[in-house]
Amino acid sequence: MLRTSTPGGALSSWALRLPASSGIFHLCLTFWLGQMSLLQGHPQCLDYGPPFQPPVHLEFCSDYESFGCCDQHKDRRLAARYKDIMDYFDLRGHELCGGYIKDILCQECSPYAAHLYDAENPRTPLRNLPGLCSDYCSAFHSSCHSAISLLTNDRHLQGSHEKDGAHFCHLLNLPDEDYCFPNVLRNDHLNRNLGVVAEDQQGCLQLCLTEVANGLKNPVSMVHAGDGTHRFFVAEQVGVVWVYLPDGSRLEQPFLDLKKIVLTTPWIGDERGFLGLAFHPRFRRNRKFYIYYSCLGKKKVEKIRISEMKVSRADPNKADPRSERVILEIEEPASNHNGGQLLFGVDGYMYIFTGDGGQAGDPFGKFGNAQNKSSLLGKVLRIDVNRAGSDGRPYRVPPDNPFVAEPGAHPAVYAYGVRNMWRCAVDRGDPVTRRGRGRMFCGDVGQNRFEEVDIIVKGGNYGWRAKEGFECYDRKLCHNASLGDILPIYAYGHAVGKSVTGGYVYRGCESPNLNGLYIFGDFMSGRLMALQEDRKTKKWKKRDICLGNTASCAFPGLISTYSKFIISFAEDEAGELYFLATAYPSAYAPHGSIYKFVDPSSCCRVPGTVLGAEPVGSPFRLTEPPGDKLAELGQVNLITRGAARKRGSKTGTSRSRVISASLLLFGGHHVEPDGPAKLLQSLDLDPDTVLCTHTAWLALNAPTTHFEERMIHFRVIFPPALLESYRPWNLGLKLDFATN
C-alpha cells in the first residue's frame, strides 16, 4: 500500500489485484527478441536514431539489453526514477504495481519508443506515458490508478486517475494499435501479414521474378555506368560497392570500400550510411562517378557528404581511393531523413535529393527546413559538376536555376518542400516516340498518413510540411495562399504501406506490355505497385502487381516470391527493371537480394514469333528453334571483321533503330557460315515489327580471333500463317539498322 504522502497530495489506497503478473510481458519480450528477424515495423528511438545493442549489460531494463534504445546511463536513470516512485509504496504496493511501473518506465528503452510515445506526430506533444493497449491499460488503472500522479506531470492524465478508467485509457490511445504496449511485442499481424500483395483479378499485373544476386548487406543502390560494359554496380549501406558482370558473377574484390568513414550501425531502422551512387554521363571518357554518404565531421557532427571520385587507370573495376574530391557537405540535425539520391538529368546537370533534417514534422525554424529556400535540407538541388563556381565552390550553379536571383535563397535549389525523397529516376522515354524522356519521378516518404509519388519540375514546391500527400499537415501553412504547391501524381494511405520506395518507368525491350508503366513499391508493406498514365486526362491510375502463380512462373529460373523489405529499384543499360530487397533490414545483415522483373506473357514461348540465331556474317540468318512452339524474344551475334581484341574486352553499346527488315528463306536444313546456302526468297517486313534493339557486352571466345562480336537483342513478330507456310525452310532475318 502507499505510504503517508506523495508529491501531489494524498493518494487513495490500492484497489484490485491483477490476477496475472505483468512479468508475463517480460517473457513475451524475451521471445520477441529471439524472433527479431520476423518483425516488420519501423524501430526508432525517442531521439529519432535507430535502436542498438547496448555495449554493457542493463541492470534495470534488462529485457532490452539485446536490442533497444537505452545505454547504461539511461538505464541507471530509469532505475533511480523507479526507486524514487516505489519509495512511496509499502510492501503491498510493491507487489501490486512494481511490475506495471517498471514496464511503463522501460518503454523508453523499447525499439519502438518513437511510436509508443507518439514522437512521430509533432501535432501532439511528446507523451509522458507510452501508448498502452486498452486491456493492459484498464488492468493497470484498476489496480494502480493512484500511481499515475507519480509517473507523469500531465494534468489531464493526473486528473483522470480519479475518473473512469476508460477516460484515462482513451488519453493513452495510439492511432495505430499495432504499436501500443504490449501488442507491439506480440502482435503476429506484424509478422504474418506484412508485405502480402492482394490478389486482384481485375487488372492486376501478373509478373514473375528471377533472382540476380543475393547475400548482400542492405543493398541501397544498383546503377550502370552507361559505358557499354553492362556491368552492375551494387552499393551496400555499410559503404561497399560491388561489380557484377553481365553473366551475373560478382568480382571478388569490391569496386569501392568506404566502411571506415561511412556512418552507420547494424541496428534496424538506421537510415544513415552509403546512400547514393551515380556515374558521370561522360564516364567512358573522364572516369568520374559520384557518391552520397553519411559521415562524422569535426566534433562528431553528423553530416551528409557528396563527393566525386575516379576509376583507377590500372583497373576499370576499381575506384581510385585517393581520388575523392568533396563537392558538398551538409550538416544533419538528426540521424533520420538523410535523402540519398544522385541523378544526372538529360541536361547533363547533377540533381541531389536531400531529406528535411529528420526528427518528425520538420520542426526546424518557423516554417521548417523544407520550406526554407536558404536551407539545403528538404530540397532537390541542381549543380554543374563539370566546372567550379566563381565563388570558390567546387561546382557551378546553372544560371537558369529557378532561385538564383531570389534574395536569401540558396542558388543551388531546384525544387523544395521535400520531406525525404527515397529513390528517384529519370525516364529515358518511349523507345520509338521518345515521349516522356527526361521526366524525373520520386517517391517521397510520408509522416503519419500518406506516401506520395511526385514528378519534379523546375522551381516546384512539393508542399511539405504544409501538406502530406493531398491533405493538410500543418494547417496554418497549408492555408497560406502563396503556397502554390505541386500535387503528387499519386498518394496512398498507411493501410497500403508506410514507406514508399520510388521506382522507374519501364522502357526495356523484354517486357513490352510494361512499357510506360511507373513501377514502385513500399519498404514497410513489401507491396509492388504500378502507375499508368492516361494521356488524355494526364492522370495516373494505380495498378497492383501480383506475382504470378506457380503455373505462370513455372519456367526455369523464374520465381514468384521475394524478400519483403523493398529498399530500391534499378534499371540496366537495356532498360530492364530490377528491385533490391532484404529479409532483415540491417546494414550488416547479408540477407539482401536483387530481383529482375519478368513478364511471363513475353518471355515464355508465344506462338507466331521466332527465336534463335546463328552468327553467320551478313546477312544475319535467324534459324527456327527446335520444338513445335516458338518464342517471342531473340538475340543474334553480329560479327564484323576488325582488329583482334583480348578475351573479355568490352565493346561499345548503343540504342539501335531498324531501317529495314527482311525474312530470308534458305534451302536445306542447315546453313554453314561459309557453305553453299542458296537464298531462295526474301520477304520485306515492316521495320516496326523489330522492336527495341540494343547491343550488349559479349566476351570474345579466343584471344586470337579477328572478329569483333556484339550481341543484339530484338523482338520480331511474324504472321503465324507465314511461318506455317515456310516451316520446312531455314529462316533468316536480315536487319539494316542505324545506331544512335
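Lys-74 counts as buried, because its relative accessibility is 17%; buried means under 20% relative accessible area, exposed over 50%, and partly exposed in between, with a 1.4 Å probe and protein chains only. Lys-74 lies in helix H2, which covers residues 72-86. Helices here are DSSP runs of H or I with at least four residues, strands are runs of E with at least two, and both are numbered from the N terminus. Setting aside neighbours within four places in sequence, Lys-74 is in contact with Cys-69 and Glu-108, where contact means heavy atoms within 4.5 Å.

Colleagues, please note that this is a predicted model, in which local features need pLDDT of at least 70 and side-chain atom pairs count only at pLDDT 80 or more, while totals for chains, interfaces and linings use all residues. Residues are numbered from 1 along each chain as its sequence is written, and side-chain values use heavy atoms, leaving out hydrogens and water.

Glu-59 is exposed, with a relative accessible area of 64%.

Let us now consider the chain as a whole. The protein chain has 14 helices and 32 strands. Of its 740 residues, 57% are buried. Among contacts between residues at least 6 apart in sequence, 63% join residues at least 24 apart.

Four strands form an open sheet in the order E14-E15-E16-E19, with antiparallel pairing; two strands pair if DSSP finds at least two bridges between them. Strand E14 (421-426) and strand E19 (490-493) are the edge strands, each pairing on one side only. Strand E16, residues 450-455, runs antiparallel to E19 and is joined to it by four bridges. Which residue in E19 is the bridge partner of Glu-451? The partner is Tyr-492.

pLDDT is the predictor's confidence in each residue, from 0 to 100. The mean pLDDT of the protein chain is 78, and 70% of its residues reach 70 or more. Over residues 190-200 the pLDDT is below 50, and this stretch has 33 contacts in the model beyond near neighbours in sequence. Residues 668-677 also stay under 50, with 14 contacts beyond four places in sequence. Where pLDDT is low, the predicted coordinates should not be read in detail.
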